[in-house]
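The following exercises concern a single protein chain.

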Amino acid sequence: MRLLVTGGAGYIGSVVAAQLLEAGHEVTVLDDLSTGHRDAVPPGARFVEGSIADPPLDGVEAVLHFAAKSLVGESVEKPGLYWSHNLGGTLALLDAMRREGVNKIVFSSTAATYGEPERTPITEDAPTRPTNPYGASKLAVDTALTAYAGLHGLGAVSLRYFNVAGAYGPYRERHAIETHLIPNVLKVATGERDEVSVFGTDYPTPDGTCVRDYIHVADLARAHLLALEACAPGEHKVYNLGNGAGFSVKEVIEVCREVTGHPIPVKVGPRRPGDPAILVASSERIQRELGWKPERAALRDMVEDAFAALSGK
Ligand code: UFG
């Protein structure tokens, strides 16, 4: 198929673009390079630098939409930025798609649409009560996709990611401001940082640190290829993507020590505002309906691949 991948110069978008090319699709990457990197666009993809408000849709049969602002903390400080980019930008993209007759979209949604969960693991019918503008803006897009599917016959699939980790060959997480746990821990192993902060050890979890559901970016990316096939006119499907198993911050750091052989000094700090104690996904629906299965579910696989890509191996 001829596909447009918005945000394909970013971490997850570049991995999905690479897998789409491997599967024989024709890929155009659209990215404004505000957080992405030109050299992360896989060879073989056409690259257009620009905004999602003016997408190159000529001949395109479906869109995979990753381009977004995605920092929870920044969203609390600058909510307008998140509403205008994530919701406003996506509505402009959807309108352009309607004009050009492109009626399939796979959308990067997030576990942050759920907020603090009532039950674990989180299923897709759990209440959506986002606790920050990032999650709220993504939820608003999900709501718009449901409406566009019903009104205009759009075929849409939203994938709600939990904690994405690992690398796919050279394609890895590279943020100017790094807030995520695994890349921050690995920066200690490579000497870029002296220590890693643990945000809170007084949570109601077995070791007092937050528990998250880590999913390998290669497994996550494969789900997008299945989602693309599952886009059906008039339907909006929503799937959680995680492993269904949680690891605490301390467990993650311990695995990083084993993989890197570095002692990784730790500094215990206060809780980070807005962090729920436990976030674990039920991926039962996507496994049942689309036949998705994680292949690199071990945390060690994710840390090994992230470390190898970081060290250029
Ligand atoms: N953490 C630390 N030290 C760090 C970084 C993180 O202790 O230096 C802790 C956090 O407090 C949290 C855990 O490690 O308990 C994981 O934090 P991340 O920042 O790696 O990931 P989050 O769970 O906060 O965020 C992820 C996605 C978001 C998404 C959210 C859904 O990155 O995009 O899940 O809740 F919104």
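Leu33 is found in the loop between strand E2 and strand E3 (46-49); here helices (H or I, at least four residues) and strands (E, at least two) are DSSP runs, numbered from the N terminus. This is a predicted model, in which local features need pLDDT of at least 70, side-chain atom pairs count only at pLDDT 80 or more, and totals for chains, interfaces and linings use all residues. Residues are numbered from 1 along each chain as its sequence is written, and side-chain values use heavy atoms, with hydrogens and water left out.

**Exercise 1.** Describe the backbone and the exposure of Leu33 and of Ile264.

Solution. Step 1: most residues other than glycine have a negative phi, and most peptide bonds are trans. Step 2: phi of Leu33 is near 60 degrees, a positive value. Phi of Ile264 is positive as well, near 45 degrees. Step 3: Ile264 belongs to the loop between helix H7 (249-260) and strand E13 (266-269). Step 4: buried means under 20% relative accessible area, exposed over 50%, and partly exposed in between (1.4 Å probe, protein chains only). Leu33 has a relative accessible area of 25% and is therefore partly exposed, whereas Ile264, at 0%, is buried.

**Exercise 2.** Determine which peptide bond is cis, and describe the surroundings of its proline.

Solution. Step 1: the bond from Thr120 to Pro121 is cis, with omega near -5 degrees. Step 2: Pro121 lies in the loop that runs between strand E5 (104-110) and helix H4 (133-152). Step 3: with a relative accessible area of 42%, Pro121 is partly exposed. Step 4: contact means heavy atoms within 4.5 Å. Not counting residues up to four places away in sequence, Pro121 touches Val280, Ala281 and Ser282.

**Exercise 3.** In what order do the strands of the open sheet with 3 strands stand, and which are at the edges?

Solution. Step 1: two strands pair if DSSP finds at least two bridges between them. Step 2: the order is E12-E9-E14, with mixed pairing. Step 3: strand E12 (247-248) and strand E14 (278-279) stand at the edges; each has a single partner strand, so one side of each lacks a neighbour in the sheet. Step 4: strand E9 (residues 211-212) pairs with E12 in the antiparallel sense over 2 bridges. Val211 has Ser248 in E12 as its bridge partner.
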